[in-house]
Amino acid sequence: MNRRITSIILLLILMGGLVKYAFVDFDAEKSDSTIAQKIIQKEEVPDNTLILWYTDSSLEEYIADVALAYKQETGMEVVAELVDGIDYLESINFASVNESSTKPAPDLYITTHDNLMKAYLAGLAVPIIDSEEKVCENNFPETALHAISCDGKYVAYPLYYETNFFLYNKTYMASIAQGRMEAENDKAEGEIAQAEADENKEALKEEAADTVETETDIQEEAVIEEEPYGDEEVVADPEVLERLATMIPSTIDDITTFANNYEAPDTVEAVFKWDVTDIFYNYFFVGNYLEVGGEDGDNNAIFNLYNQQAVEGLKVYQNMDKYFTMEDNDNYESILKQFIEGKLVFTIATTDAFAKIQEAQMDGTFKYEYGVAIIPDMSNVLRARGLSVTDAVAINGYSEKKEAANLFATRLCFDSADSLYLKSGKLACKRDVPYENTEINNVMTEYQKSMPLPKMIETSNFWLQLEIAFSKVYSGEDPEKVLRDLADTMGGQIEEITYSIPVQESIGAGVQTFFTK
């Protein structure tokens with residue numbers, strides 16, 4: 001009954017917009033959580049103590065370091081509690097509004113940005129007090145600012161993000177770049193030799209022709225030469241890297257062309273694989289053409305799913321299985337493992353890949369270097385756009401220490417952000433954070449162009465339905481009908497598509513068999 005009352009209250013808030021704060025009595029049993037071993041009773045919380053809740057254990061060291069520095073600076077103690085992420089907001093709400101709670105309510109907490117609308121409407125997140133104006137476009141990308149916005153206000157501080165990106169074997173690509181450079185040099189030398197021979201006596205022409213033939217043989221060998229794989233000097237050569245940068249596929253067509261001409265080493269089993277079962281890794285096919293909630297993802301009047309470009313994106317997705325062989329048991333974990341073992345050249349990954357690759361480098365499993373690039377477009381006119389999730393620090397509207405909480409949130413998200421990755425493995429939302437491996441910096445480019453997960457409560461079922469739609473398309477159903485049915489199910493805008501403007505070039509034209517050995 002309490003859960004039903006909660007749903008009714010939140011619905012009234014969304015529809016009427018008359019109530020800014022909701023006092024919701026969540027079920028006490030759902031407030032149970034695996035809080036860190038020591039539980040602080042309400043009466044034991046001193047005035048000079050802030051309570052922070054978080055759900056990801058990898059943040060423990062980072063939070064502790066920032067809290068220590070904050071205490072030395074202000075004298076304010078910060079007690080951080082690791083809390084179960086299940087029914088997280090419900091637990092915060094119960095601790096905030098129920099006197100019977102044995103757990104003190106947090107003054108601030110870390111949550112994914114898609115929870116912020118619900119938290120804001122319930123009074124659990126309030127507009128930030130950013131007196132130093134650090135939360136701005138100079139310090140954070142627009143993606144992060146849209147993620148923390150509700151009703152035109154910043155209601156949290158952006159801390160770190162998750163998105164997907166194009167991950168490639170840099171060692172393989174560097175070897176190809178070197179081979180092409182050597183082939184071009186050999187060809188140029190051959191042409192010079194030919195020109196010099198033409199100026200000599202007739203007797204030297206035969207010798208010059210032999211020289212050209214020899215140079216041509218060297219060129220052909222250079223293209224298929226596999227010795228450089230694993231050569232650290234090749235990967236570090238500035239000229240090779242400059243050439244490599246021009247070879248990273250920018251469209252799906254580029255990938256198919258690359259694969260059709262790639263003389264792969266024996267370890268490579270496929271050129272490109274990604275998790276086709278997870279909407280987070282598939283979204284880029286339609287992400288640039290779905291309008292869900294507007295820029296801030298909080299406007300339920302904006303819900304456009306059915307349009308020509310989105311249909312074309314699904315058609316590209318449907319045709320991918322003609323060129324990229326996927327196994328039934330392929331998922332993100334298994335595909336990343338294949339990449340680490342050198343069996344793949346390209347994949348779509350998320351930021352957790354860096355720690356796994358580093359571990360594999362240390363134990364010798366990953367014997368290569370890797371590179372990061374933006375996700376390729378479908379064609380020269382049909383653009384890709386992936387999803388992103390921003391974890392942010394929200395200030396509890398029921399806290400009596402909002403000023404101190406805002407100050408500590410600033411320390412977490414801005415002042416100390418340069419050490420966030422080192423201490424936790426998380427990529428900071430703050431701009432210009434340095435990383436030892438400069439390839440990691442490239443993920444920010446993808447984050448900046450990504451679509452933040454909408455935070456409207458009405459979209460809670462949308463992602464499951466969209467994932468089902470992708471599955472239907474992959475199985476062969478008509479993309480246009482599937483997308484139209486999805487729009488109809490979700491109550492989105494539906495207008496007839498005339499297809500008067502071509503938006504897609506041919507994908508994989510002329511491609512034969514190449515992706516799987």
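Trainee: Is Gly476 buried or exposed?
Mentor: This is a predicted model: local features need pLDDT of at least 70, side-chain atom pairs count only at 80 or more, and totals for chains, interfaces and linings use all residues. Residues are numbered from 1 along each chain as its sequence is written, and side-chain values use heavy atoms, without hydrogens and water. Buried means under 20% relative accessible area, exposed over 50%, partly exposed in between (1.4 Å probe, protein chains only). Gly476 has 53% relative accessibility, so Gly476 counts as exposed.

Trainee: How far apart are the C-alpha atoms of Gly476 and Asn319?
Mentor: Along the chain, 157 residues separate the two.

Trainee: Which side chain of opposite charge is nearest to Asp298?
Mentor: Lys and Arg count as positive, Asp and Glu as negative; His and the chain ends are not counted. A salt bridge needs a side-chain nitrogen of Lys or Arg within 4 Å of a carboxyl oxygen of Asp or Glu. Asp298 is buried but has no salt bridge. At 5.7 Å, the nearest side chain of opposite charge is Lys455.

Trainee: What arc do the buried residues of α2 cover around the axis?
Mentor: The buried residues of α2 are Tyr62, Ile63, Val66, Ala67 and Tyr70. They lie on the same side of α2, because their arc (taken from the directions from the helix axis to the C-beta atoms) is only 125°.

Terms used
Helices (H or I, at least four residues) and strands (E, at least two) are DSSP runs, numbered from the N terminus.
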